Amino acid sequence: MKLYRGAEGIFVEQTGSFYRVPVDTWDALLCSDQLFETVRAATKGETASFDPSTALAPIVGQEVWAAGVTYYRSRSARIEESKDAGGGTFYDRVYVAERPELFFKAAGWRVVGPGGAVRVRVDATWSVPEPEMTLVINARGQLIGYTIGNDMSSRDIEGENPLYLPQAKIYDGSCALGPAVLLAETPLPTTTAIRLEIARDGSVAFAGSTTLAELKREPAQLIAYLFREQSFPRGVFLMTGTGVVPPDDFTLKSGDVIRITVDGIGTLENHVA
């Protein structure tokens, strides 16, 4: 089942049909002890009219956090971008450490939804999207589903000094989520593919893919560390890192179209402002 947030309510999709979920707010549904029962009950009712292309970002009062250096490809890219700043071993140590890198990414009101415009920083010269499987977690620290995330990043700023990571990662238009939440009570298969395509002037400027088999850290471990000394009364979204990184000579430009596709969820499409 896939859960959508629309301008006229909340909808669930099952086997190609849509049903309205009778709840007051998105936040209340995500944190409900009866989430799965409520959504399943909705699919027993009458079908509803909903255009998934009009879906809003599947987030309201939640925060977005992110995990870094969770794929070997990401480790290698971070080492390369930061070698002149002496950060070559910094990311290698994070990759092999027991404790994961976790950082705040965005408040819910900052998140860009499907079809919206993401941004590159005006003071950045090397910007890329980072396609990420994103965990949807309730207030009790329980994994309830998955969505697609785009962790926009300024690689030159982070590479200049690792302490600049907040500036490289957190700015207006730096986070996109959607189009839906795939509700799941069990982990996704490791064969699940994550694909990135960047179109420029009608042609494909970059395309790449990975699978969850390349993810070094288990979602349960990331969740445990995130909730170790923090609480999230309205739940939280946790990006799990990227295994798809464009080459070092690539940077985003205004007008580029970013498409991130994850098996079972769909495609999150955004354009660069």
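Strands β9 and β11 run antiparallel and are joined by six bridges. Two strands count as paired if DSSP finds at least two bridges between them, and helices (H or I, at least four residues) and strands (E, at least two) are DSSP runs, numbered from the N terminus. In this pairing G145 stands opposite L183 in β11. The model is a predicted one, in which local features need pLDDT of at least 70 and side-chain atom pairs count only at pLDDT 80 or more, while totals for chains, interfaces and linings use all residues. Residues are numbered from 1 along each chain as its sequence is written, and side-chain values use heavy atoms, with hydrogens and water left out.

Strand β9 also pairs with β8 (residues 131-137), again in the antiparallel sense, over seven bridges. Here P131 stands opposite N150 in β9. The two strands form a hairpin with five residues between them, and G141 in the turn has a positive phi of about 80°. Eight of the nine residues of β9 are buried, where buried means under 20% relative accessible area, exposed over 50% and partly exposed in between (1.4 Å probe, protein chains only).

These pairings belong to an open sheet of nine strands with mixed pairing, in the order β3-β2-β1-β11-β9-β8-β14-β4-β5. Its edge strands, β3 and β5 (101-107), each pair on one side only. From one strand to the next the twist averages 30°. Strands of a sheet pair through backbone hydrogen bonds, either parallel or antiparallel. The parallel sense is found between β4 (residues 63-68) and β14 (residues 236-239), which share four bridges; the bridge partner of A66 in β14 is M239.

Helices lie across the strands. Helix α2 lies across β1, β2, β3, β9 and β11, at about 75° to β11. Axes are lines fitted to C-alpha atoms, for helices over the stretch in contact, and angles run from 0 to 180 degrees between N-to-C directions. Helix α7 (residues 219-226) lies across β4, β5, β8, β9 and β14, running at about 125° to β14.

Which residues of helix α2 (residues 35-42) are buried? They are L35, F36, V39 and A42. Seen down the axis of α2, these residues fall within an arc of 125°, so they line one face of the helix; the arc is that of the directions from the helix axis to the C-beta atoms. Their cover includes β1 (2-6), β2 (9-14), β3 (17-20), α1 (26-30), β9 (143-151) and β11 (175-183), with contact meaning heavy atoms within 4.5 Å.
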